[in-house]
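Hi,

Here's the structure I promised to pass along. Have a look when you get a minute, and then read on for what turned up.

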Amino acid sequence: MEWFVPVIVIVVLLLIVVSNIKVVPQSKAYVLERLGAYAGTWQTGLHFKIPFIDRIAKIVSLKEQVVDFPPQPVITKDNVTMRIDTVVFFQITDPKLFTYGVESPITAIENLSATTLRNIIGEMELDNTLTSRDVINSKIRVILDTATDPWGIKVNRVELKNIMPPQEIQDAMEKQMKAERQRREAILQAEGEKAAKILAAEGLKESQILAAEGEKQAAILRADAVKEARIREADGEAQAIRALYEAQAESIRMINEAKPEAAYITLKSYEAFEKAADGKATKIIVPSEIQSLASLLTAAKESVTDPEKK
C-alpha cells in the first residue's frame with residue numbers, strides 16, 4: 001500500500017497539468033486573468049496556464065456576429081408612431097476591451113441602436129422614412145461604430161429589417177397606391193388613345209397628300225397628252241398647208257413654164273369668177289378683163305341672132 005499514495009499524487013498532478021493545457025481554436029480568443037487581474041489574450045495555438053493562479057475569464061468569438069433586435073417604437077417628425085426592428089452585424093476586434101469595456105455588450109448595442117434610431121427617425125417624415133432606408137442604415141452604422149470602439153467592437157452593417165407603420169396608415173398608403181396606379185393607368189390609356197388618333201390623322205393626311213399628288217400627276221399627264229396632240233395636229237395642218245402651197249407653187253411654175261396664151265388666162269379668170277359668184281357672196285367685184293370679155297361675147301351673140309344688122 002506504500003506505493004498507492006505516490007501513484008495517486010502523480011495521477012492528480014498529471015490531471016492538473018493536462019487540465020491546464022489549453023488549445024485555442026481558430027477564430028477564438030481566450031482572455032486570461034492571473035490572480036484576478038488581466039494577464040493576456042491567448043490567440044490560436046497551444047497554451048498553458050498556472051494552476052490555481054491563472055483562469056480563463058472569457059472565451060471570445062472573433063467571427064462576425066448577427067444580432068436581430070426586437071421592434072422598437074419610434075415617432076417620426078410628422079408625429080406618426082411606428083415600429084422598426086434592426087439587424088446589426090458586428091465583429092469583436094479587441095477581446096480585452098470586449099471583456100472589460102462594458103458589462104453586457106449585446107444589451108448595450110441594442111439600447112444604443114434603439115436610441116440612435118429614435119433620434120434619426122425623429123428628424124424625418126414618414127414618407128422619407130419609408131424611402132430612405134440606406135440613409136438611415138448608414139447613419140446608424142456610423143454612430144454605433146464610433147460608440148462601440150471603446151468596447152472592442154466594430155459594427156460592419158446595420159439593416160432596417162421591418163418598418164411597420166400603424167394599420168390606418170398602411171390602409172391609407174394602400175389606397176393612395178391604388179389611386180396612383182389607377183391614375184397612371186388612365187394616363188397611359190389617354191396617351192394611347194391620343195397616339196392612336198395622331199397616327200390616324202397622320203395616315204389620313206398622308207393619304208390625302210398622296211391622292212392630291214396623284215391627281216396632280218394625272219392632270220400633268222393629261223395636259224402633256226393634250227399638248228402633244230395639239231402639237232401633232234398643228235404639225236399636220238402645217239404640213240398640209242405647206243403641201244397645198246407647194247402644189248400651188250408647182251402648178252404656177254408649170255403654167256409659167258408652159259407660157260399660156262392670153263385667152264387661156266382669161267378663161268381661167270372666168271372660171272374663178274364663176275366660183276366667186278356661186279350665190280354666197282353679197283358683193284362681187286368684176287375685173288376689167290372679164291368685163292371686156294363679156295362685151296365681146298354679147299356682141300358675138302347679137303351678130304348671130306340678127307344677121308340683117310350685120
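Below is a quick run through the salt bridges. Keep in mind that this is a predicted model.

There are nine salt bridges in the structure. The one I'd open up in your viewer to begin with is Asp68 with Lys161, where the closest N and O atoms sit 2.8 Å apart.

Next, go to helix α6, which covers residues 167–258. Glu180 pairs with Arg184 there, and their closest N and O atoms are 3.3 Å apart. The two residues are four apart in the helix, so about one helical turn separates them. Glu180 is partly exposed, with 25% relative accessibility.

Further along helix α6, Arg232 and Glu228 are also four residues apart, which means about one helical turn lies between them. They form a salt bridge with the closest N and O atoms 3.4 Å apart. Is Arg232 buried or exposed? Arg232 is exposed, at 59% relative accessible area, while Glu228 counts as partly exposed at 38%.

Cheers

Terms used: Residues are numbered from 1 along each chain as its sequence is written. This is a predicted model: local features need pLDDT of at least 70, side-chain atom pairs count only at pLDDT 80 or more; totals for chains, interfaces and linings use all residues. Side-chain values use heavy atoms; hydrogens and water are left out. A salt bridge is a side-chain nitrogen of Lys or Arg within 4 Å of a carboxyl oxygen of Asp or Glu. Buried means under 20% relative accessible area, exposed over 50%, partly exposed in between (1.4 Å probe, protein chains only).
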